[in-house]
Amino acid sequence: MYVLQANDIYKSFGQLKVLKGVSLEVKKGEVIAIIGPSGSGKSTLLRCLNRLETIDRGTITITGEYMVKSEKDGRAVYSSEKDITRLRRKMGMVFQNFNLFPHKSVLENLMIAPMLVNQVSADQAEETARNLLDKVGLAQKANNYPFELSGGQQQRVAIARALAMNPDIMCFDEPTSALDPELTGEVLRVMRDLALEHMTMIVVTHEIGFAREVANRVIFMDEGLIVEQGTASEVLLNPQQERTQSFLSTVLMAR
């Protein structure tokens, strides 16, 4: 079963064409890593899937329901705001810069959305929040504030906060790019655990080792297109496209 399908997605910012006909299907329990050079359209694609950006043309369905589809004239038409809001709740989003509420404690950061959006009781929201903090190894930090945490700890809180909404899909936009190597390891361990639990995940990442170890499928993007995709071993160990080979050799030489 596909939990997400995107077909022929186009997106421009003014004269800059960022996505040029990208199609993607995500199965339940699949972990997809999207790699590629800066400016290739990876993060824009993720933001379009989550409706943080609107597309110019194409179709996106989440768990079989249309979020947006193209009319006969090619123009993208979105579902009602009510339907979009409901569909977006099925997608958890983790950003590279954490985006925690600085004036809320760690526990409050996890509780606020379930209470406001899903009308969960305070007791239930707190129980879920504490369980998730334990899951990401931060049970002892429940009453701390974000500024008291390391970057890796903040990102683990951000992951727990997204999980608190019980999403069908977790989306990660370069979640370790703002972290040093030691803190990166903390975050990747949590993501590996999620993969072992068969959480459906779309991960935009520069961490080639993580993609090789965890992803069921690796997608290489360049200049707004999917250049190559396949299993991690196919794309990362035996790439067929010259552009993929060039990118990987440059990245691996820099390690």
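Two strands are taken to pair if DSSP finds at least two bridges between them. Strands (E, at least two residues) and helices (H or I, at least four) are DSSP runs, numbered from the N terminus. The structure is a predicted model, in which local features need pLDDT of at least 70 and side-chain atom pairs count only at pLDDT 80 or more, while totals for chains, interfaces and linings use all residues. Residues are numbered from 1 along each chain as its sequence is written, and side-chain values use heavy atoms, with hydrogens and water left out.

In β10, F220 is the bridge partner of I35, and R217 is that of I32. These contacts belong to a parallel pairing of β3 with β10 (residues 217-222) over four bridges. A parallel pairing over four bridges also joins β3 to β9 (residues 200-204), where I202 is the bridge partner of I32. Burial is judged by relative accessible area: buried means under 20%, exposed over 50%, and partly exposed in between (1.4 Å probe, protein chains only). Five of the five residues of β3 (residues 31-35) are buried, so the strand is largely enclosed by the rest of the structure. In a regular strand the side chains alternate between the two faces of the sheet. Here V31, A33 and I35 point one way from β3, I32 and I34 point the other way, and all are buried.

Strand β10 is likewise mostly covered, with six of its six residues buried. On one side lie R217, I219 and M221, and on the other V218, F220 and D222. The chain then turns back: β10 and β11 form a hairpin with two residues between them, and E223 in the turn has a positive phi of about 50 degrees. The two strands pair in the antiparallel sense over five bridges, β11 covering residues 225-230. L225 in β11 is the bridge partner of D222.

Turning to the helices, the 14 residues of α4 (residues 122-135) should span 20 Å at 1.5 Å a residue, and the end C-alpha atoms are 20 Å apart, which agrees; the expected span is 1.5 Å times one less than the number of residues. Buried in α4 are A125, A129, L132 and L133. Seen down the axis, these buried residues fall within an arc of 100 degrees, so they line one face of the helix; the arc is that of the directions from the helix axis to the C-beta atoms. The face turned away from the buried side carries the exposed residues D123, E127 and D134. With contact defined as heavy atoms within 4.5 Å, the buried residues of α4 pack against α3 (106-117) and α5 (151-163). After α4 comes G137, whose phi is positive, near 80 degrees.

The largest pocket has a volume of about 600 Å³. Its lining takes two or more residues from each of α2 (81-88), β7 (91-94), α3 and α5, with α3 giving the most, five residues. Of the 22 lining residues, R88, M91, M93, A113 and M165 lie nearest the centre of the pocket.

Notes. 1 Å grid on protein atoms, 1.4 Å probe; cavity = no way out; pocket = protein on both sides within 12 Å on 5 of 7 lines; lining within 4 Å. Points joined across faces, edges and corners; volume = space filled by probe spheres on them.
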